[in-house]
Each structure stands twice: as C-alpha cells, then as structure tokens.
Amino acid sequence: HCPWIGNCIGKRNYWLFFSFVTATGTLNAFSLVTASALLAIRSQEISAQQGLTGGGAFVETMKQDPLTTALLIYCAMLVWFTVGLCVYHCYLISTNQT
C-alpha cells in the first residue's frame, strides 16, 4: 500500500506508481539544482557589487533571497527520499522483481 497516493500498488497500476515516483524524484532534483544555481549566481553578483568574500556574499544572498534558501533546504532534505525511492524501483524493474 502506498500512503502517498492512497492506493495499493499491483500489476495493473504499477506503471502509474512508477511514473509518479519518477516525476516526483525528477522534479525535486530539478528544484534543488535550480535553487542552488540561483543562489550561486546571485552570490557572485553580490560579491562583485559589494566586494564581499565568498562566505560573506553567500550569507548576504541568503538574507536577500529567503524563499530560495528555504526551497533549497526543503529540497535538500527531501531529495534523498524521492530520488532514493525512484532508484530503488528502477532496480526492482531492472532485476524483474516487480
């Protein structure tokens, strides 16, 4: 039984569950990479504008973009579960254990 979709997973609906897990893992990883890239780019801009060092510029970036920082932290905590579940089900499919 999968509590995320509120249904039991079987032969007829496994492809839907696998599609859901794959999409969730992919979107979570994409959000993590995008938020990280945005903070890195903004940090370089702030470093050039204000003459701050790497760490100081990054802290200032986190202060100026709190939603991006929150998204980065949230995705970093969840990416291991969603991508891990996706990789596990890819393993199950590749070894014909489903």
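Start with the salt bridges, of which the structure holds 2; a salt bridge here is a side-chain nitrogen of Lys or Arg within 4 Å of a carboxyl oxygen of Asp or Glu. The model is predicted: local features need pLDDT of at least 70, side-chain atom pairs count only at pLDDT 80 or more, and totals for chains, interfaces and linings use all residues. Residues are numbered from 1 along each chain as its sequence is written, and side-chain values use heavy atoms, with hydrogens and water left out.

**Stop 1**

Select R42 and E45. Their side chains meet in a salt bridge, with an N to O distance of 3.2 Å. Both residues lie in helix 1, 3 residues apart, about one turn of the helix. Helices (H or I, at least four residues) and strands (E, at least two) are DSSP runs, numbered from the N terminus. E45 is partly exposed, with a relative accessible area of 37%, and R42 is partly exposed too, at 23%. The classes are buried for under 20% relative accessible area, exposed for over 50%, and partly exposed in between (1.4 Å probe, protein chains only).

R42 forms a salt bridge with D65, the closest N and O atoms being 3.3 Å apart. This pair links distant parts of the chain: R42 is in helix 1, while D65 sits in the loop between helix 2 (54–64) and helix 3, 23 residues apart. D65 counts as buried, because its relative accessibility is 18%. Through shared partners, the salt bridges join R42, E45 and D65 into one network. Side chains of opposite charge can pair when their charged atoms come close.

**Stop 1: the largest nonpolar core**

Select L32, A35, L39, L72, C75 and V79. These 6 residues make up the largest nonpolar core. A nonpolar core is a set of buried Ala, Val, Leu, Ile, Met, Phe, Trp, Tyr and Cys residues joined through side-chain atoms within 4.5 Å. The elements that give two or more residues to this core are helix 1 (14–50) and helix 3 (66–94). In soluble globular proteins, nonpolar side chains tend to be buried together.

Is A35 buried or exposed? A35, in helix 1, counts as buried because its relative accessibility is 3%. Leaving aside neighbours within four places in sequence, A35 is in contact (heavy atoms within 4.5 Å) with T68, L71 and L72.

**Stop 2: the surface patch**

Select L71, I73, Y74 and M77. They form a nonpolar patch on the surface, with about 410 Å² of accessible area together. Patches are made of residues with over 30% relative accessible area and no salt bridge; like charges are joined within 9 Å, and nonpolar side chains (Val, Leu, Ile, Met, Phe, Trp, Tyr) within 5 Å. Accessible areas come from the Shrake-Rupley method with a 1.4 Å probe, and for residues only the protein chains shown count as cover. M77 is placed in helix 3.

**Stop 3**

T82 has a relative accessible area of 8%, so it is buried.

**Stop 4: F17 and H89**

Select F17, which is found in helix 1. F17 counts as buried because its relative accessibility is 6%. Not counting residues up to four places away in sequence, F17 touches C2, I5, I9 and H89. The C-alpha atoms of F17 and H89, 72 residues apart along the chain, are separated by 9.8 Å.

H89 itself is in helix 3 and counts as buried, at 10% relative accessibility. A polar contact of 2.7 Å joins the side chains of H89 and Y14. With residues up to four places away again not counted, H89 touches Y14, F17 and F18.

**Stop 5: N96**

Finish at N96, in the segment after helix 3. N96 has a positive phi of about 60° although it is not a glycine. With a relative accessibility of 66%, N96 counts as exposed.

Conventions
A polar contact is a pair of N or O atoms within 3.5 Å; within protein, one must be able to donate a hydrogen and the other to accept it, and residues adjacent in sequence count only if both atoms are side-chain atoms.
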